[in-house]
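Let's walk through this one together, starting with the overall fold and working down to single side chains. Keep the viewer open as you read.

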Amino acid sequence: AGVEADSPLIPGNGSVRTPSLLAMKLRQVERAKNVTGDARLTLVAPDIAGSPSIENLDEDDWHDLLDVENLLEAYFTIADSTQTTLAGIGEYIDDTEDLVNINLDNSRNKLIRFEILLTTGTFALSSYSVVAGILGENLVLPDFITRDISGFVFVNGLLVIVSTIIFFTIYKALKSRKLV
């Protein structure tokens with residue numbers, strides 16, 4: 001019987017393969033063999049620069065040549081599949097890197113918002129420093145502040161209320177601009 005040069009499937013792959021150049025030449029030689037009945041076959045390789053010609057191959061040599069060709073096609077299919085898998089993994093790594101960068105940006109934004117709140121609180125409490133600086137200047141103060149402890153409590157209570165109002169006013173303004 002003849003050599004099966006046009007097996008339709010590549011091992012491990014469900015797709016139909018295109019006939020190779022060797023398989024097409026083999027079919028031509030088979031047709032010539034059927035016409036002449038010669039037991040030895042002659043095939044000349046296509047004109048490719050530097051390619052040796054294949055001459056006087058018998059049927060067993062053709063089977064060996066086709067086996068090598070089929071193995072090479074299978075290895076190329078595996079190599080292509082591996083390359084596709086590696087490209088997919090590369091895209092997955094890029095996507096993961098983008099996700100990590102997004103998470104880092106989100107964390108930085110939260111940290112900046114917290115820093116804004118701390119700065120706002122520090123600014124609101126600075127009114128205490130201003131009043132302490134004024135009272136520490138040995139100025140002549142009104143009697144209701146220096147007469148007894150109730151003046152001290154009054155000044156400190158007033159400063160707590162003023163600082164709280166300043167803090168919440170700034171916080172509300174930042175919240176309306178969506179900075180906090």
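The protein chain comes to four helices and zero strands, where helices (H or I, at least four residues) and strands (E, at least two) are DSSP runs, numbered from the N terminus. Read from the N terminus on, its elements simply go α-α-α-α. Bear in mind that this is a predicted model, in which local features need pLDDT of at least 70 and side-chain atom pairs count only at pLDDT 80 or more, while totals for chains, interfaces and linings use all residues. Residues are numbered from 1 along each chain as its sequence is written, and side-chain values use heavy atoms, with hydrogens and water left out.

How much of the chain is buried? Of the 180 residues in the protein chain, 16% are buried, with buried meaning under 20% relative accessible area, exposed over 50%, and partly exposed in between (1.4 Å probe, protein chains only). As for contacts (heavy atoms within 4.5 Å), take those in the protein chain with a separation of 6 or more: residues 24 or more positions apart account for 53% of them.

Now to a helix pair. Two packed helices are described by the angle between their axes and the distance between the axes. For α2 and α4, the angle is about 150 degrees and the axes are 9 Å apart; here axes are lines fitted to C-alpha atoms, for helices over the stretch in contact, and angles run from 0 to 180 degrees between N-to-C directions. α2 and α4 are therefore roughly antiparallel to each other (that label is for angles over 145 degrees; under 35 is roughly parallel, 65 to 115 roughly perpendicular and the rest oblique). The crossing of α2 past α4 is right-handed, meaning that the near helix is turned clockwise from the far one by less than a right angle, with anticlockwise giving left-handed. On the α2 side, the residues that meet α4 include Ile116, Leu117, Phe123 and Tyr128. Among their counterparts in α4 are Val155, Leu159, Phe167 and Tyr171.

One is Phe167 with Phe168, edge-to-face at 5.3 Å centre to centre and 75 degrees between the planes. The other joins Phe167 and Tyr171, whose planes are at 15 degrees and whose centres are 6.2 Å apart, so this pair is stacked. Phe167 and Tyr171 sit four residues apart in helix α4 (residues 149-176), which puts about one helical turn between them. Together, the ring pairs link Phe167, Phe168 and Tyr171 into a cluster. Phe167 is partly exposed at 23%, Tyr171 is partly exposed at 25%, and Phe168 is partly exposed at 49%.

What about charged pairs? The whole structure holds one salt bridge, defined as a side-chain nitrogen of Lys or Arg within 4 Å of a carboxyl oxygen of Asp or Glu. Arg108 and Asp105 form it, with their closest N and O atoms 2.5 Å apart. Both lie in helix α2 (residues 59-135), three residues apart, about one turn of the helix. Arg108 is partly exposed at 47% relative accessibility, and Asp105 is partly exposed at 38%.

Finally, look at the segment after α4, where Lys178 lies. Lys178 has a positive phi, near 60 degrees, in a residue other than glycine. With a relative accessible area of 70%, Lys178 is exposed.

How values were computed: Rings of Phe, Tyr and Trp (its six-membered ring) pair if their centres lie within 6.5 Å; planes under 30 degrees apart count as stacked, over 60 as edge-to-face and the rest as tilted.
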